[in-house]
Amino acid sequence: NALRNVGFPCKVADICCGSGNFLLSAYEQLVSKELSRVIANNDSTVELIDRPSGPDLPFWKKRQILSEAIYGVDINPLAVQVAQLSLSLRLLEGCSNEELETYRDMSGNRLLPDMSKNIRCGNSLVGYAYFQYDHSAVNDIDILRSVRPFDWSSEFPFGGFDAIVGNPPYIRVQNLARYIPKEYGFYRSAHCDLVLASSPLLDKYQLFIERALGLLKGDGVMAMIVPNKFMTIKNGKAMRTLLTTRFHVARIVDFGTIQVFPGRSTYTC
């Protein structure tokens with residue numbers, strides 16, 4: 001739904017992308033929307049390819065969509081590599097060797113775009129202000145590998161995203177303090193720029209929502225799947241206030257007791 005009114009050119013991100021499943025879906029959605037646009041407008045600048053599955057965008061157009069529209073960040077370097085590889089392989093699906101060779105010969109470009117510029121390793125929630133909080137981090141490789149401070153403005157200096165999608169991690173405050181104490185200490189400090197970080201019983205997914213809202217363009221849209229309890233519990237008041245006073249909620253879909261993730265007991269919206 002977040003991509004319903006978003007066409008290409010655009011910039012779509014998952015700020016906790018893991019191995020890239022949401023970004024793969026976003027890429028496929030944008031390819032489908034662009035194909036529909038080309039057919040509806042009879043766009044002569046894009047010559048469609050007849051494949052066994054039907055008309056399709058040419059490789060060069062798909063490559064352009066992938067390299068210019070799809071972005072992601074994750075703190076796990078292995079997950080980032082998997083996401084980069086998965087997106088690159090998806091780009092090649094259905095393309096003939098002849099089409100690929102023709103593109104390479106005529107453009108002089110590599111077949112696969114450098115997705116390391118789009119899918120970055122870092123902490124979406126912790127910026128370079130961390131070094132003001134913990135001066136020792138600059139020279140401590142263990143802290144840097146654990147926290148991985150990330151500066152959005154320098155990594156993606158194009159002024160925000162048209163859409164952000166994702167399924168952020170659900171980590172309650174007790175586990176934040178236990179498993180990532182350095183990061184948790186930063187959230188509780190005056191150096192953290194996230195309003196919800198000061199909530200007494202914060203959950204990490206709430207911080208991802210706040211960060212995503214701050215990374216959108218003025219007319220951007222966000223859709224995330226998160227626990228539904230924030231809508232009713234006392235601990236959710238700060239996020240409810242954030243959503244209702246600073247931003248416009250277009251739609252909330254509450255799945256209730258329906259388990260949308262196989263093998264997981266989560267109550268989501």
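This is a predicted model: local features need pLDDT of at least 70, side-chain atom pairs count only at pLDDT 80 or more; totals for chains, interfaces and linings use all residues.
Sorted by class, the contact between H10 and H11 is made up of six nonpolar residues, one polar and one charged. H10 covers residues 204-215 and H11 covers residues 237-245. Their axes lie 11 Å apart, and the helices pack at an angle of about 15°. Since angles under 35 degrees count as roughly parallel, that angle makes H10 roughly parallel to H11. As for handedness, the crossing of H10 and H11 is left-handed.

Past H11, the chain carries on into a segment that holds Thr268. Is this residue buried or exposed? Thr268 has a relative accessible area of 0%, and anything under 20% counts as buried, so Thr268 is a buried residue. What surrounds it, then, once the neighbours within four places in sequence are left aside? Thr268 is in contact with Tyr170, with the run Ile225, Val226, Pro227 and Asn228, with Asp254, Phe255 and Gly256, and with Val260 and Phe261.

Asn228 sits in the loop that links strand E7 (216-224) to H11. With a relative accessible area of 15%, Asn228 is buried too, because the cut-off for buried is under 20%. Again setting aside neighbours within four places in sequence, Asn228 is in contact with Asp254, Gly256, Tyr267, Thr268 and Cys269. Asp254 and Gly256 turn up in the contacts of Thr268 and in those of Asn228.

Zooming out to the whole protein, its secondary structure comes to eleven helices and seven strands. The radius of gyration is 20 Å, close to the 18 Å that the globule rule gives for 269 residues, so the protein is as compact as a globular protein of that length. Taken along the principal axes, the C-alpha atoms fill a box of roughly 60 × 45 × 35 Å. How much of the protein is buried? Of its 269 residues, 45% count as buried, with Thr268 and Asn228 among the buried residues. Contacts can also be sorted by how far apart the partners are in sequence. Among contacts between residues at least 6 apart, 70% join residues at least 24 apart.

Notes:
Residues are numbered from 1 along each chain as its sequence is written. Side-chain values use heavy atoms; hydrogens and water are left out. Axes are lines fitted to C-alpha atoms, for helices over the stretch in contact, and angles run from 0 to 180 degrees between N-to-C directions. Helices (H or I, at least four residues) and strands (E, at least two) are DSSP runs, numbered from the N terminus. Angles under 35 degrees count as roughly parallel, over 145 as roughly antiparallel, 65 to 115 as roughly perpendicular and the rest as oblique. A crossing is left-handed if the near helix is turned anticlockwise from the far one by less than a right angle, and right-handed if clockwise. Ala, Val, Leu, Ile, Met, Phe, Trp, Tyr, Cys and Pro count as nonpolar, Asp, Glu, Lys and Arg as charged, and the others, Gly among them, as polar. Buried means under 20% relative accessible area, exposed over 50%, partly exposed in between (1.4 Å probe, protein chains only). Contact means heavy atoms within 4.5 Å. The radius of gyration is taken over C-alpha atoms; the globule rule is 2.2 Å times the number of residues to the power 0.38.
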